[in-house]
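Please read them with the structure open.

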Amino acid sequence: VSISMFFLDKYLEFHFVNEELFQLAAMACIYLATKIHCPKKISMKQIVSLGSDGFTTNHLEAMELSVADTLGWHLHPPTSMRFIENFFPLIMGDVSDEFGVASALELSRFLTELSVCVYQFTSSNSKPSSVAIAAILLSISHFQLPHTIEDKFRELAASLSLELNSPEISKCGKLLSVIYACHISHDPTPFR
């Protein structure tokens with residue numbers, strides 16, 4: 001989903017589309033992202049069946065090419081999920097799961113999935129690494145993982161010149177906390 005949204009946001013930066021073309025562009029972005037990044041493939045016919053009756057596989061194919069061209073064929077964008085998948089093992093190393101490491105990883109992933117639903121994250125306002133770092137920090141805190149894990153995270157971040165206390169990461173952490181609380185309580189009021 002995050003890769004599809006990235007493709008769509010980048011496409012819309014360069015193209016003005018009406019409601020009908022927006023739907024086609026969104027479908028093409030979903031198709032392109034799943035085609036490249038998912039082990040289970042979805043056919044063009046399946047994607048076309050999700051849209052309005054006016055689209056054909058030829059329309060989808062043409063839009064897919066337009067999206068890829070607009071992106072300059074850069075089809076492996078940085079995402080929060082990828083950052084977590086690459087960074088988390090470095091932090092946790094060989095720590096036993098008795099501390100809830102697997103749960104912390106799942107919560108980090110879940111928080112980044114929730115972030116795709118909030119415009120402040122999907123626009124170019126927040127770097128994917130900032131969202132991922134905030135998600136990891138929240139999950140470490142939520143599961144009260146040993147301080148040695150957070151210390152290792154801070155050490156690793158410092159070695160990569162990542163500032164964990166930056167205003168952007170703090171902002172991401174606060175917003176992730178709000179959307180997680182809304183999800184848990186099923187109350188979308190803060191977003192109205």
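This is a predicted model: local features need pLDDT of at least 70, side-chain atom pairs count only at pLDDT 80 or more; totals for chains, interfaces and linings use all residues.

The points below go from the overall fold to the pocket, then to single helices and residues.

1. The secondary structure comes to 10 helices and 0 strands.

2. **Overall dimensions.** Along the principal axes, the C-alpha atoms fill a box of roughly 55 × 35 × 30 Å. The protein has 192 residues, and 41% of them count as buried. It exposes about 11100 Å². Carbon and sulfur atoms supply 58% of that area.

3. **Contact range.** Take the contacts between residues at least 6 apart in sequence. Of these, 72% join residues at least 24 apart.

4. **Largest pocket: volume and centre.** The volume of the largest pocket is about 760 Å³. Its lining numbers 32 residues. Which of them lie nearest the centre of the pocket? They are S2, I3, F6, T79 and V116.

5. **Largest pocket: which helices line it.** Two or more lining residues come from each of α1 (2-14), α2 (19-37), α5 (80-92), α6 (101-115), α7 (119-122) and α8 (128-142). The largest share is that of α1, with 9 residues. By class, the lining has 14 nonpolar, 12 polar and 6 charged residues.

6. **Helix α8.** Does the span of this helix agree or disagree with its residue count? The 15 residues of α8 should span 21 Å at 1.5 Å a residue, and the end C-alpha atoms are 21 Å apart, so the two agree. The buried residues of α8 are S130, V131, A132, I133, A134, A135, I136, L137, S139 and I140. Just after α8, Q144 takes a positive phi of about 45°.

7. **Helix α10.** The same check works for α10: its 19 residues should span 27 Å at 1.5 Å a residue, and its end C-alpha atoms are 27 Å apart. The buried residues of α10 are I169, C172, G173, L175, L176, I179 and C182. As background, an α-helix has 3.6 residues a turn, so residues three or four places apart point the same way.

8. **L111, in α6.** Is L111 buried or exposed? L111 sits in helix α6. Its relative accessible area is 1%, so L111 counts as buried, the cut-off being under 20%. Leaving out residues up to four places away in sequence, L111 touches A135, L138, L176 and Y180. L111 and Y180 are 69 residues apart in sequence, yet 7.0 Å apart in space, C-alpha to C-alpha.

9. **I47, in α3.** I47 is found in helix α3, residues 44-50. With 2% relative accessibility, I47 is buried. Beyond its neighbours within four places in sequence, I47 is in contact with M27, I30, Y31, I42 and L60. H183 lies 136 residues from I47 along the chain, and their C-alpha atoms are separated by 28 Å.

10. **C117, between α6 and α7.** C117 is in the loop between these two helices. Its relative accessible area is 66%, so C117 counts as exposed, which takes over 50%. C117 and L164 are 47 residues apart along the chain, with 23 Å between their C-alpha atoms.

11. Most residues other than glycine have a negative phi. W73 is exposed, at 51% relative accessible area. S161 is in the loop between α9 (147-159) and α10 (167-185). S161 is not a glycine either, and has a positive phi of about 60°. S161 is exposed, with a relative accessible area of 66%.

Technical notes: Residues are numbered from 1 along each chain as its sequence is written. Side-chain values use heavy atoms; hydrogens and water are left out. On a 1 Å grid over the protein atoms alone, a cavity is a set of points where a 1.4 Å probe fits but cannot get out, and a pocket is an open set with protein on both sides within 12 Å along at least five of seven lines; lining residues have an atom within 4 Å of a point. Grid points are joined across faces, edges and corners, and a volume is the space filled by probe spheres set on the points. Helices (H or I, at least four residues) and strands (E, at least two) are DSSP runs, numbered from the N terminus. Ala, Val, Leu, Ile, Met, Phe, Trp, Tyr, Cys and Pro count as nonpolar, Asp, Glu, Lys and Arg as charged, and the others, Gly among them, as polar. The expected span of a helix is 1.5 Å times one less than its number of residues. Buried means under 20% relative accessible area, exposed over 50%, partly exposed in between (1.4 Å probe, protein chains only). Contact means heavy atoms within 4.5 Å. Accessible areas come from the Shrake-Rupley method with a 1.4 Å probe; for residues, only the protein chains shown count as cover.
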